[in-house]
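Colleague: Please show me how the features of a fold may be read from a single model.

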Amino acid sequence: MGVTERLEEIRRTTEGCSVVALADLSTRLVLCAACSDKPPQERLDRLSIRAADLLARPSLPGADVASVVAGSCTEVFVRSAADADDVLCCVCGPNVDISELVRRARRGLADLAARR
């Protein structure tokens with residue numbers, strides 16, 4: 001399964017999830033995304049910037065998961081254990097099961113790292 005297919009699988013199997021994007025924290029850019037609609041690239045890049053800001057905070061050394069809840073949107077960021085620059089950025093509804101999404105994201109990141 002390729003990168004796009006893996007991201008789409010995570011998005012499709014997570015209720016209310018509209019975006020799953022693979023981003024590079026060092027460049028703060030989205031590399032690939034699976035979306036229920038076609039958001040502008042700037043919106044996707046804002047996700048990677050937010051992930052970098054959240055996961056690189058000095059007050060949270062070694063953080064590998066972060067989430068932001070704003071209104072009807074929940075953003076979840078999961079850093080790869082294999083490559084600290086890789087992160088999945090997920091945009092979901094307010095009732096997303098965050099622990100289940102994190103489990104799927106970690107499994108997906110591990111599968112992607114094993115292919116390199």
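The dialogue below takes up the overall chain, the sheet and the helices in turn.

Modeller: This is a predicted model, in which local features need pLDDT of at least 70 and side-chain atom pairs count only at pLDDT 80 or more, while totals for chains, interfaces and linings use all residues. Residues are numbered from 1 along each chain as its sequence is written, and side-chain values use heavy atoms, with hydrogens and water left out.

Colleague: Which elements make up the protein chain, and in what order do they run?

Modeller: Helices (H or I, at least four residues) and strands (E, at least two) are DSSP runs, numbered from the N terminus. The protein chain holds three helices and five strands, in the order α-β-β-α-β-β-β-α from the N terminus on.

Colleague: What does the radius of gyration tell us about the protein chain?

Modeller: The radius is taken over C-alpha atoms, and the globule rule is 2.2 Å times the number of residues to the power 0.38. For 116 residues a compact globule would have a value near 13 Å; the protein chain has 13 Å, which agrees. Along its principal axes, the C-alpha trace spans about 35 × 30 × 30 Å.

Colleague: How are the strands arranged in the sheet?

Modeller: Two strands pair if DSSP finds at least two bridges between them. Here five strands form an open, antiparallel sheet in the order β2-β1-β5-β4-β3. At its edges lie β2 (29–35) and β3 (65–70), each of which pairs on one side only. Strand β3 is joined to β4 (residues 73–79) by six bridges, and Ser67 has Val76 in β4 as its bridge partner.

Colleague: Why does the length of helix α2 agree with expectation?

Modeller: The expected span of a helix is 1.5 Å times one less than its number of residues. Helix α2 (residues 41–55) has 15 residues and should therefore span 21 Å; its end C-alpha atoms are 21 Å apart, which agrees.

Colleague: Which residues of α2 are buried, and against which strands do they pack?

Modeller: Buried means under 20% relative accessible area, exposed over 50%, and partly exposed in between (1.4 Å probe, protein chains only). An α-helix has 3.6 residues a turn, so residues three or four places apart point the same way. In α2 the buried residues include Leu44, Leu47, Ser48, Ala51 and Leu55. The buried residues of α2 pack against β1, β2, β3, β4 and β5, where contact means heavy atoms within 4.5 Å. Over the protein chain, 43% of the 116 residues count as buried.
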